[in-house]
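The sequence and the structure are shown first, and the description follows.

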Amino acid sequence: MPSAFSLSLAEIEHELFRGTGTQDGKFRVHQLYQAMPNCKTAIDFLKQEYGYYGHSHTFTDGTNGFIDYQPSKGMVIQHYPTSSNIALKWEDVEKHLRAMVQSDRYLSPEEKNKLESGKFILGTIHR
């Protein structure tokens with residue numbers, strides 16, 4: 001019988017570190033938090049930035065699953081080996097992203113260099 005799957009902080013951050021699925025989305029999220037928005041403003045932005053986005057995912061333990069972002073639900077994580085689904089509401093996603101940006105753990109060293117050099121495209125939020 002499969003064991004229950006639990007989602008650790010490291011696993012959540014592992015996923016959020018990959019970005020929004022849109023070109024330069026991580027930079028837009030980073031800039032959002034530089035403006036110190038309130039929670040509602042940040043959530044509205046994140047819902048638009050992530051939109052409907054999903055991808056296959058390899059968890060930190062090497063197992064596989066799928067991550068699905070939906071404006072109405074937040075982030076839904078499917079863990080194939082245990083047939084488990086875990087949903088993080090947008091409020092939770094927002095708190096994790098805010099903490100990662102504020103503690104300087106959201107952008108990689110390479111992304112920080114790219115940000116400092118201005119070699120990215122801000123564009124607009126996909127609607």
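## Lysine over aromatic rings

Lys26 lies over the face of Tyr106, at 4.9 Å from the ring centre. The charged end of Lys26 also sits over the ring of Phe17, 3.8 Å from its centre. A charge is taken to sit over a ring if NZ of Lys or CZ of Arg is within 6 Å of the ring centre and within 35 degrees of the ring normal.

The model is a predicted one, in which local features need pLDDT of at least 70 and side-chain atom pairs count only at pLDDT 80 or more, while totals for chains, interfaces and linings use all residues. Residues are numbered from 1 along each chain as its sequence is written, and side-chain values use heavy atoms, with hydrogens and water left out.

## The sheet

Helices (H or I, at least four residues) and strands (E, at least two) are DSSP runs, numbered from the N terminus. Two strands pair if DSSP finds at least two bridges between them.

Six bridges pair β1 with β2 in the antiparallel sense, and here Tyr53 stands opposite Tyr69 in β2. The hairpin of these two strands, β1 and β2, has five residues between the strands, and in it Gly62 takes a positive phi near 90°. The antiparallel pairing of β2 and β3 also runs over six bridges, with Gly65 opposite His79 in β3. Three residues lie between β2 and β3 in the hairpin that they form. Strand β3 (residues 74-79) is joined to β4 by five bridges, and the two run antiparallel. Ile77 stands opposite Ile86 in β4.

Buried means under 20% relative accessible area, exposed over 50%, and partly exposed in between (1.4 Å probe, protein chains only). Five of the seven residues of β2 are buried, so β2 is largely enclosed by the rest of the structure.

## Helices on the sheet

Contact means heavy atoms within 4.5 Å.

In α1, the residues Glu11, Ile12, Glu13, Glu15 and Leu16 are buried. The buried residues of α1 pack against α3 (39-50), β1, β2, β3, β4 and α4.

## Salt bridges

A salt bridge is a side-chain nitrogen of Lys or Arg within 4 Å of a carboxyl oxygen of Asp or Glu. By this rule the count comes to seven salt bridges, and the table gives some of them.

| Arg105 | Glu13 | 2.6 Å |

The salt bridge of Arg105 and Glu13 links distant parts of the chain: Arg105 lies in the loop between α4 (90-102) and α5 (109-117), and Glu13 in helix α1 (residues 9-16), 92 residues apart. Arg105 counts as partly exposed, at 36% relative accessibility, whereas Glu13 counts as buried, at 17%.

Arg98 and Glu94 both lie in helix α4, four residues apart, about one turn of the helix. An α-helix has 3.6 residues a turn, so residues three or four places apart point the same way. Arg98 is buried with a relative accessible area of 17%, and Glu94 is buried with 2%.

## Aromatic pairs

Rings of Phe, Tyr and Trp (its six-membered ring) pair if their centres lie within 6.5 Å; planes under 30 degrees apart count as stacked, over 60 as edge-to-face and the rest as tilted. A search of the whole structure finds four aromatic pairs. Tyr50, Tyr53, Tyr69 and Trp90 are linked into a cluster by ring pairs.
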